[in-house]
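This report covers selected packing and pairing features of one protein chain. Please look over the sequence and the model before reading on.

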Amino acid sequence: MSSLPRRGKSVAKAPTSEELPSFLNSTSESEEEEEEWEPKSKIARRPRLPKKTEAKTKKAAAPQSTVARKMVKKVAIKEEMDVSLPIAPVEDNKMQLLKPKEEDAGTKPKYLNQKPEVPKKREINSFQGKNHNSLVSDEKPSTSFPVVKQEKCEEEFAFDEPPSKKIKLNACPEGKPVKNLGGNKIKEEFEMNWDIVQALSEITNVEAWVCANLIRLFQEENTIPFIARYRKELINNLEADALREVQQTLEELRTVAKKTHTMIQKLKKEGKLTSCLLKGLLNCRTLEELDHVSAPYKTGSKGTKAQRAKQLGLEPAALSLLQNPMELNLFSYIRPNTKGLANIQEVEAGVQHILADIFAKDKDTLDFIRKLCQQRYISIQSTLAKVSSKNGNEKDIDKFQLYHEFSCNIKNIQHHQILAINRGENLKILTVKVNIPDGVKNEFCWWCVNERWRPKQFLKPEFMRILRSSVEDAYKRLIYPLLCREFRSKLTSDAEKESVMMFGRNLRQLLLTSPVRGRTLMGVDPGYKHGCKLAIISPTSQILHTDVVYLHSGQGFREAEKIKRLLLQYNCSTVVIGNGTACRETEAYFADLIMKKYFAPLDVVYCIVSEAGASIYSVSPEACKEMPDLDPNLRSAVSIARRVQDPLAELVKIEPKHIGVGMYQHDVSQTLLKATLDSVVEECVSFVGVDINICSEILLRHIAGLNTNRAKNIIEWREKNGPFINREQLKEVKGLGPKTFQQCAGFIRFNQEYIKTFCSNKKNELGSRALLTKAGALGKKKSKLTPCALQQPNPLDQTCIHPESYNIAMRFLSLIGGNANDIGKSDMQQKVNAVIQKEGLEGTAKRLNTTVHTLQLIIDGLTQPEGYDIRTDFDKPDFKRSIVCFEDLSVGAVLTGKVENATPFGVFVDIGVGKSGLIPVRNITEAKLSKVKKRRSLGLGPGERVEVKVLNVDIPRLRITLDLIRVL
């Protein structure tokens, strides 16, 4: 039985207060115009659902009576209960997407601005595209989004209903690439004075309708790989990195809303909540603003100067100075025996503190000073701290030499500079401050006195003096510190996000390194005292032999005989050396033997691979389970060899942050870092795909929609029942419900040759059993048929086509006159090209009543050769036979190398001299990058091969500066 759609669980969590820098405990985002929040007085009504027998589409129903609404509610609930199997066959009602008109490109659909009369619960559930009569229909949708047929009027569409039930929406203009149910109004758990869709759109620069779609998709527990591949029309073809950014920003906004309402409940319980304070809290968009507004009311706070003045009864005097100064007499507030009211100076000071508090918390005032700062030169400065210069570690101080006297405009400062300054400040080596020019203060004070807070009546000179002093006090004591915290919080937040995103991009590039298949490899984990650990693995990753050789203790010649014997015995001509301790000496050792042709007749080559995380993995529970009888030191040699044979399958076993391709990874939010890197691993594994019948449990758990328990259940089912025959069998696995199947099915592959052979053998076995039963086993019970015996292989299961689109794929095959058994062959490519050239992609999609994105995915799946791997477009390891020394380098020399790491300030390249060279970011231009490869960003990524020129060699500091010539 299907279950109700579950609430979306977040993947990327907002950073906690403990993970933020020392100078603040909250983050800050850009401020936007906010509307006053008012509780909704009306309950949204549900539109009447048209009858099944009606063929034409119905307009949204008018408001109904109470009885009618109850009946509709019952129908809606029943529909939700019956429809949560998104892959079940439904009648073909594909949505016809239209190209946006030029004049409509910058406008919003009319229905986005309508009042939210669409039922809230229906908004969330409707994106799954589930149809309550799906079990009796014949065809499957190509996407789980509500789909429609094109009517006579192109501006009228039906949403979330099968053909017999259609709701026509006239308000939706032609040209939107996707239609959005219920507009952009999203019902959030915690309501604020700002709209979460609009705020998300402004912060991430993503269209509002895309943000609304993404919020619903995340609420329905859709994974990023699934959305990026199978819901392109809903997200305007955004990439996975952009989806992650939206998801993280959404979590941050929800964290602010949740903390705001927690604070409201707390203040309400304590009796401190006023209407003005409530409005201020509900206007907060960042944790920094929330902290500014709520700080005086926190438990344990001594209270502000303004609060103490209010307790003395000076608030009426302060308000009177602004509203009705002619009748104000401050001398009447003097109480000689009361502290704070003893004389006229204390009374004036109290009034000044109250006015300063009013000014500092006024939204218009803060908006003005922020806008003013955007137009002026605001700089961040760092200097060597006095304490560190006396007591600090000289080595640590020298690391921050660049920032001992540093100043930069906050608009131009680089992300890595912010992280370096923050680290220096946390180590108490640097002193950091934000410098706002005096001109900002002067203009702000003039504006406050003469415009924003100009009294309604004439002010006496002594009152005008109090007003000016209050404005200056508000700026110096309250507003300036707030601005400094906001600037630094925003800079740090942006720098952390960029650092995490850079880590994610580098990790993706590393995971998608092209595998080296069909070779027997020797993995070498170098070492001095404890020797070099060797492991020889077969082309199928089986361990053939392990050993230890002592190459650097005077026994090199004798050990060379052992190595030669092993290489010849296993016909191994490729050596993989880890880049850890003794790597340089081990590389020189093998290079010397190769140059002397010691291993003849074998033509031996070697490559250097990063061994980051290998030692951690070798003692992990996964390694103990996989190689129980092997010494941990030898396990690392096996891991090093497998990193070249299949980098993705091996690197997923290691926690991503231990792979070491990031920058300042220990200075950023660990929660954000882990969520992003886990998401990147899931994206890479899913997009490459896994063969369900041979993949490991560790690899399987990283598929979109799966986790440790579900992967374990799949492996147990496979061991108990034999190999999976088709994707539908996944539904028989415990814990794989309709939603999980929807998320993971498209990323799981089946080797058709293996499946056909298995089914043929099983069929013969069952046939022989039947003959035996007829011959003499009449008294025995009939043997139970295995699940595999009743299943038939589906050729589409070897492609990236999702099961929900199989019906469209079969109709496309009949249209081109193709056969499913010819998938990946040249004949299929020719037939597809012929139809597309004749009718065009959009025309064919319209004929099949599907979307262009879905059709393109089907074409890719049908035409890609069998066993296609997206990693073939990425670079392979750089195999070498000789070595170059650091001292051999000369300025102007042209070399080839492999990118090791990428940072915002440049790219580190391994040019084979034991020390990576740096290509500064200014030397990486678009003209030098490859035009063939599809680039996610302007920068290079780990694993790419480049041709470089040596610009400078600094031997004492072991630094090499390079210039990029081209990408190989």
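In β4, F406 is the bridge partner of S382. Strand β3 (residues 379-384) is joined to β4 by five bridges, and the two run antiparallel. This is a predicted model in which local features need pLDDT of at least 70 and side-chain atom pairs count only at pLDDT 80 or more, whereas totals for chains, interfaces and linings use all residues. Residues are numbered from 1 along each chain as its sequence is written, and side-chain values use heavy atoms, with hydrogens and water left out. Helices (H or I, at least four residues) and strands (E, at least two) are DSSP runs, numbered from the N terminus. Two strands pair if DSSP finds at least two bridges between them.

β3 and β4 belong to an open sheet of three strands with the order β4-β3-β5 and antiparallel pairing. Its edge strands, each pairing on one side only, are β4 (405-409) and β5 (430-435). From one strand to the next the twist averages 15 degrees. Helix α15 (residues 415-426) packs on this sheet and touches β3, β4 and β5, its direction making about 125 degrees with that of β5. Helix α17 (residues 461-511) also packs on the sheet, where it touches β3 and β5, and its direction makes about 115 degrees with that of β5. Contact means heavy atoms within 4.5 Å. Axes are lines fitted to C-alpha atoms, for helices over the stretch in contact, and angles run from 0 to 180 degrees between N-to-C directions.

## P481 in helix α17

P481 lies in helix α17. Its relative accessibility is 26%, so P481 counts as partly exposed; buried means under 20% relative accessible area, exposed over 50%, and partly exposed in between (1.4 Å probe, protein chains only). The C-alpha atoms of P481 and V434 are separated by 9.4 Å, although these residues are 47 apart along the chain. Not counting residues up to four places away in sequence, P481 touches Y475 and K476.

## Five-stranded sheet

A second open sheet has five strands in the order β8-β7-β6-β9-β10, with mixed pairing. β8 (543-549) and β10 (605-609) are the edge strands, each pairing on one side only. On average, neighbouring strands of this sheet are turned by 20 degrees against each other, direction ignored. Strand β7 (residues 532-537) and β8 run antiparallel and are joined by six bridges, with H545 in β8 as the bridge partner of I536. Helix α18 (residues 556-569) lies across β6 (521-525), β7 and β8, and runs at about 175 degrees to β8. Helix α22 (residues 632-645) packs on the sheet and touches β6, β7, β8, β9 (574-578) and β10; its direction makes about 50 degrees with that of β7.

## Helix pairs

Two packed helices are described by the angle between their axes and the distance between the axes. Helix α3 (residues 196-204) and helix α6 (residues 240-270) pack at an angle of about 130 degrees, with axes 10 Å apart. They are therefore oblique to each other; angles under 35 degrees count as roughly parallel, over 145 as roughly antiparallel, 65 to 115 as roughly perpendicular and the rest as oblique. I196, A199, L200, I203 and T204 of α3 make the contact with E245, V246, T249, L250, L253 and R254 of α6. These residues divide into seven nonpolar, two polar and two charged. Ala, Val, Leu, Ile, Met, Phe, Trp, Tyr, Cys and Pro count as nonpolar, Asp, Glu, Lys and Arg as charged, and the others, Gly among them, as polar.

Helix α31 (residues 841-848) and helix α32 (residues 852-863) pack at about 100 degrees, with axes 9 Å apart. That angle makes α31 roughly perpendicular to α32. In this contact, L841, E842, T844, A845 and L848 in α31 meet V852, L855, Q856 and I859 in α32. By class, the contact has six nonpolar, two polar and one charged residues.

## Whole protein

The secondary structure of the protein comes to 32 helices and 17 strands. Of its 968 residues, 52% count as buried. Among contacts between residues at least 6 apart in sequence, 73% join residues at least 24 apart.
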